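This briefing is meant to be read alongside the sequence and the coordinates.

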Amino acid sequence: MSITDAILQNVSRRQFLGGVLSTSAFVVASQVLPESVWAQDATIKTRAQTAPLHPSIYLGIEPDGAVFIVTHRSEMGTGIRTSLPLVAADELDADWSRVRIEQGLGDAAYGDQNTDGSRSIRDFYDAFRRAGAAARTMLVSAAATQWGVPASEITTENHNVVHRGSGRRLAYGALVPAASQLPVPKAEDLRFKTKADWKYVGKEQPIYDLSDITTGKAQFGLDIYRDGMVFASIEHPPVVGGRVRTLDDTAARAVKGVLQTETIGPPTGARMFQTLGGVAVIGASTWAVLQGRKKLNITWDDGANASFESAAFKQQLLQTVSKPGKVARRLGNVDAEFARGGKTIEATYSTPMLAHAAMEPPTAVADFRDGKVEVWTPTQDPQAAQDTVAAALGIDKKNVTVHVTLLGGGFGRKSKPDFAAEAAILSKRLGKPVKVIWTREDDIHFDFFHATAAVYHKAAVDAKGRPTAWLSRSAFQPIASTFVENATEPMSMELDLGFTDLPYDVPNLRAENGPAAANVRIGWFRAVTNNFHVFASGSFVDEMAHAAGRDPLEFLLDLLGPDRHIDLKAQGVDYSNYGVPIEAHPIDTARLRRVIEVAAEKAGWATRAKGNGRGMGISAHRSFNSYVASVVEVVADARGGFTVPRIEQVIDAGLIVNPDRVRAQLEGAAVMAVGLARNGAITAANGRIQQSNFNDFPVARMNDAPMRVNVTFVDSGAPPTGVGEPGVPPVIAALGNALFAATGKRVRELPITPVPPA
């Protein structure tokens, strides 16, 4: 089943891992962990798989004791290239200095490789733990046979097998020949180390590539070079769906170093990850092709999307949420409660489109030879790159090899491999390796944008300000539009992220969604639709608290109601739960309550300064199966500006594998959230994106960013869950709430700093 077919069949229903969707990312319809990962005769030729002892596709040991561990996920700054191997190395009881990490190629044999949705540890912790435990068990069994003692008397210690009764010990390498002849133990027969014996998991550990990255030795996508390679830069249609009407490339070809131009046709049907089309300038250097692009004389047929105006579209969304929509969740009878009269509160919130703007713009190198192609690219999803390149070239995906480089950031953009397809198309035409370079302007103009949104809330409240009825409406450009031509309704998964899963104790609740067209490419972005949904609901909770004259923290805790697991199915929600069974990861309000309480304590909420330009705001949310509470402190000045002296981030993500990396993710999420809330906005006029670089789509500067971000972990004893994305949404809401506390002015529209007219 192709991605397209799967989505066409399931676009309006629950999307779950192992099918079409997992949280924020589309994946090939296959198992997360296929049986092939335990096959000892797999065709993958990594050092891990060709080593004599290889109980798993992820791990192998050589007779010299070298341990090779494959990371099949993509490293973009999260530390996953280090964290998953740490799990296997700990269970193996390996000496970390003797571990070598390999990057896996794109291959379905690894299982799901889509590094999106904050789920790498969640989905593969057990697999890597099993890989390490299986190898350790086989080594112990080999030693037991050699020494003629029961395996139960043997232990392991830092790359050695030890029999304490006799004082004998053997290094792992010496046992590899014998251990490699043993069958791989079944999962149910493995005995795992206790938490007290862990030496890597849960401990601070530098990333594996730290030295290479800091000394410039590490290879990112832009560093790749192949002999005989030429460079390409593509002038894309300025409006999505546009095409070349006329082309005069005479001046471009006259630029020194420019070799030729090539026209790439526009996409057909659903946009998917197809190339945008346009005119590629081919040359001997990056400089030459960029200068050549400037000399192209093109007239464009802009097509149907030339009428897209973001300002007018925002007004359409606001109109959409002002009237009834399609019901996505229903509890009790909202209409009857509103009809009783009494006090009501309502507010509408809006957010703009956003660009990913990762540090490294998209790039790819492709080398097509004899019906096969090799691609080197910073991709979050090498299997999607295989599929996309194969479709673009009309070849079988087995003839597409995707090498994954380090990524200079991703945020979801680099799981959409249109740029890899461009390189492959050009390499096939030219018969030589081609490197496609996207500029920052290309990156921002032609992104898969985070959707613009409008969200409306209305509540009937009792004498204590508690809602007795709550109506929510949401409208935004759906991610579904990228996969189903002209789709205007989101997949149910898009509504499950912060909209249909409100955790509050309200007797009457209804959530509705309205349609929205997408005149640009829309894709998942860090935290996905949680961002605008939680900005709205988190702000509205604060509004209700202030309307009741109650402390926002006390009100928030009261609104959570009794500790419980929320049953959304009983309320008409076929909840996707970020791709895992709800039984394994329930919506647990006790865990949410705990992170709120800890965040308030860490922030000194009870003694906080109020008014006179100083204020604190709080918000909390469960996303990617993790629980995060954020407290933001602001100081506003008389000119309308503000600083953020401190943010407290408290997370319950279950088991923490590498605290250093989790802390970095929560810190980065806080900085990113503040930057986006302050200044982030992508606008369009005549179908054209108006922003082009960091001068008009700024990331957080030093004076914008929080001065201090403190991160606290709450240990609930739960299995590991996501950490890369859940730190963003509550910060956005808490920032707006803090500004209200400081200034008395409510933030209902982002960005906080208005976008100047073009």
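In this predicted model, 7 strands form an open sheet of mixed pairing, in the order 12-13-10-20-17-18-19. Strand 12 (258–264) and strand 19 (400–404) stand at its edges with a single partner strand each, so one side of each has no neighbour in the sheet. From one strand to the next, the twist averages 25°.

**The sheet and its helices**

- Strand 12 and strand 13 (residues 278–283) run antiparallel and are joined by 6 bridges, and within this pair Glu262 stands opposite Ala280 of strand 13.
- Helix 8 (residues 286–294) packs on the sheet, where it touches strand 10 (230–235), strand 12, strand 13 and strand 20 (434–437), and its direction makes about 25° with that of strand 10.
- Helix 11 (residues 382–393) lies across strand 17 (363–369), strand 18 (372–377) and strand 19, and runs at about 140° to strand 19.

**Helix 9 and its two sides**

- Ser310, Phe313, Leu317 and Thr320 are buried residues of helix 9 (residues 310–320); they cover an arc of only 65° around the axis, which means that they lie on the same side of helix 9.
- Ala311 and Gln319, by contrast, are exposed on the other side of helix 9.
- The cover over the buried residues of helix 9 includes strand 21 (453–461), strand 22 (467–476), strand 23 (508–514) and strand 27 (684–685).

- The whole structure holds 50 salt bridges, and one of them joins the side chains of Asp715 and Lys195 (3.4 Å, N to O).
- Because Asp715 lies in the loop between strand 29 (709–713) and helix 20 (729–743), and Lys195 in the loop between helix 5 (172–179) and helix 6 (210–214), this pair ties together parts that are 520 residues apart in sequence; both Asp715 and Lys195 are exposed.
- Arg688 and Asp302 also meet through their side chains in a salt bridge (2.9 Å, N to O), and since Arg688 belongs to strand 28 (residues 688–689) while Asp302 sits in the loop between strand 14 (297–301) and helix 9, the pair ties together parts 386 residues apart in sequence.
- Within that pair, Arg688 counts as partly exposed at 30% relative accessibility, whereas Asp302, at 16%, counts as buried.
- A salt bridge between the side chains of Lys314 and Glu749 (2.2 Å, N to O) ties helix 9, which holds Lys314, to the segment after helix 20, which holds Glu749, so parts 435 residues apart in sequence are brought together.
- Lys314 has 25% relative accessibility and counts as partly exposed, and Glu749, at 44%, also counts as partly exposed.

**Ser630 and its surroundings**

- Ser630 is part of strand 25 (residues 626–636), and because its relative accessibility is 0%, Ser630 counts as buried.
- The side chain of Ser630 makes a polar contact with the side chain of Gln649 (2.5 Å).
- Leaving aside residues up to four places away in sequence, Ser630 touches Gly617, Ile618, Ser619, Glu648, Gln649, Pro730, Val731 and Ala734.

Key
Residues are numbered from 1 along each chain as its sequence is written. This is a predicted model: local features need pLDDT of at least 70, side-chain atom pairs count only at pLDDT 80 or more; totals for chains, interfaces and linings use all residues. Side-chain values use heavy atoms; hydrogens and water are left out. Helices (H or I, at least four residues) and strands (E, at least two) are DSSP runs, numbered from the N terminus. Buried means under 20% relative accessible area, exposed over 50%, partly exposed in between (1.4 Å probe, protein chains only). A polar contact is a pair of N or O atoms within 3.5 Å; within protein, one must be able to donate a hydrogen and the other to accept it, and residues adjacent in sequence count only if both atoms are side-chain atoms. Contact means heavy atoms within 4.5 Å. Two strands pair if DSSP finds at least two bridges between them. Axes are lines fitted to C-alpha atoms, for helices over the stretch in contact, and angles run from 0 to 180 degrees between N-to-C directions. The arc is that of the directions from the helix axis to the C-beta atoms. A salt bridge is a side-chain nitrogen of Lys or Arg within 4 Å of a carboxyl oxygen of Asp or Glu.
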